[in-house]
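I opened this structure to look up a few backbone details. My notes follow in the order I took them.

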Amino acid sequence: MRLIAAGLVVARGTNVLAGPLDIELRETQALAVTGANGAGKSTLLRTLLGLLPPAAGTLSIEGVAAPDGEPARHLSDAAHYLGHRNAMKPAETVEANLRFWQRFLGAPAMEVGDALGAVGLSHAAALPFGFLSAGQQRRAALARLLVAHRPVWLLDEPTAALDVASQTVFADLAARHLAGGGIVIAATHAPLGIAARELRLEPPAAAADPVADLADVWA
Ligand SMILES: Nc1ncnc2c1ncn2[C@@H]1O[C@H](COP(=O)(O)OP(=O)(O)OP(=O)(O)O)[C@@H](O)[C@H]1O
């Protein structure tokens, strides 16, 4: 498996945030994307996934199958994406949420009950997701990575809200994924506890930040 971004420029509309970036990752490799608030880390992950168009450059994934068994043509065919939000229905139980994702994603991997055990949430399976604490919700979202197989994990601040013990649980899960031939790309402000190369995005100039511009207007 090979994930290649060549000359990738990431932007929000006409506002260029970072790049050109050259990224090449193979199985068992991890990349930690770091940088100040607003540097473009989330934007880079969403661009890699195909949710946002790159301002320039190319993206490719080679040597991996999509859930339907065909060769993956886009990274989204081969990737889990964990965003800032956990993408779970608050009124549904934790177990029902994960069962939904397992059906929706295809390529089932671990049983839902085992995945909940792996993140220390067996006791919370029958609770509505919305009843969980912020850290427990993040752990449940991490369990989504386990219930369906995707070789590439794109993670946006995966350890946000996690206590120290849960950060170790995350590190173990990520290390196991890498050892099994996976790739991990994670935006983070904190050490991830796994061996990873670092891609540091520099913060945009204040004048180029649309939010900063708005702040000027309303000051
Ligand atoms: N939906 C949007 N539309 C327009 N601009 C956006 C949008 N979302 C984010 N931006 C802008 O893009 C820039 C980069 O945001 P992004 O969320 O990628 O940063 P980040 O590095 O992930 O920050 P953080 O560390 O705070 O999560 C910021 O200036 C932000 O204001």
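**Entry 1: strand pairing.** I am working from a predicted model. I then looked up the two strands themselves. Strand 1 covers residues 2–12, and it pairs with strand 2 in the antiparallel sense over 8 bridges. Strand 2 spans residues 15–26.

Next I checked the turn. The hairpin of strand 1 and strand 2 has 2 residues between the strands. Gly13 takes a positive phi there, near 60°.

Which other strand did I find joined to strand 1? It was strand 4, residues 56–62. These two run antiparallel, with 6 bridges between them. I noted one partner pair: Arg2 bridges to Glu62 in strand 4.

**Entry 2: a cis bond.** I looked at the peptide bond from Gly19 to Pro20. That bond is cis, and its omega is near 0°. Pro20 sits in strand 2, the strand that pairs with strand 1. I logged this bond because most peptide bonds are trans.

I noted Ala87. Its phi is positive, about 55°, although Ala87 is not a glycine. I placed Ala87 in the loop between strand 5 (79–82) and helix 2 (94–105). Is Ala87 buried or exposed? I counted 12 C-beta neighbours inside 10 Å, and 12 or fewer means exposed, so Ala87 counts as exposed.

Ala107 lies in the loop between helix 2 and helix 3 (112–118). Here I found 16 other C-beta atoms within 10 Å, so Ala107 is partly exposed.

**Entry 3: around Pro67.** What does Pro67 touch, leaving out residues up to four places away in sequence? I found Gly106 and Ala107.

Pro67 itself is in the loop between strand 4 and strand 5. With 15 other C-beta atoms within 10 Å, Pro67 is partly exposed.

I also checked Pro67 against Arg150. They are 83 residues apart in sequence. In space, their C-alpha atoms are 8.0 Å apart.

How values were computed. Residues are numbered from 1 along each chain as its sequence is written. This is a predicted model: local features need pLDDT of at least 70, side-chain atom pairs count only at pLDDT 80 or more; totals for chains, interfaces and linings use all residues. Helices (H or I, at least four residues) and strands (E, at least two) are DSSP runs, numbered from the N terminus. A residue is buried if 20 or more other C-beta atoms lie within 10 Å of its own, exposed if 12 or fewer, and partly exposed in between; C-beta atoms are placed from the backbone. Two strands pair if DSSP finds at least two bridges between them. Two residues are in contact if their C-beta atoms, placed from the backbone, lie within 7 Å.
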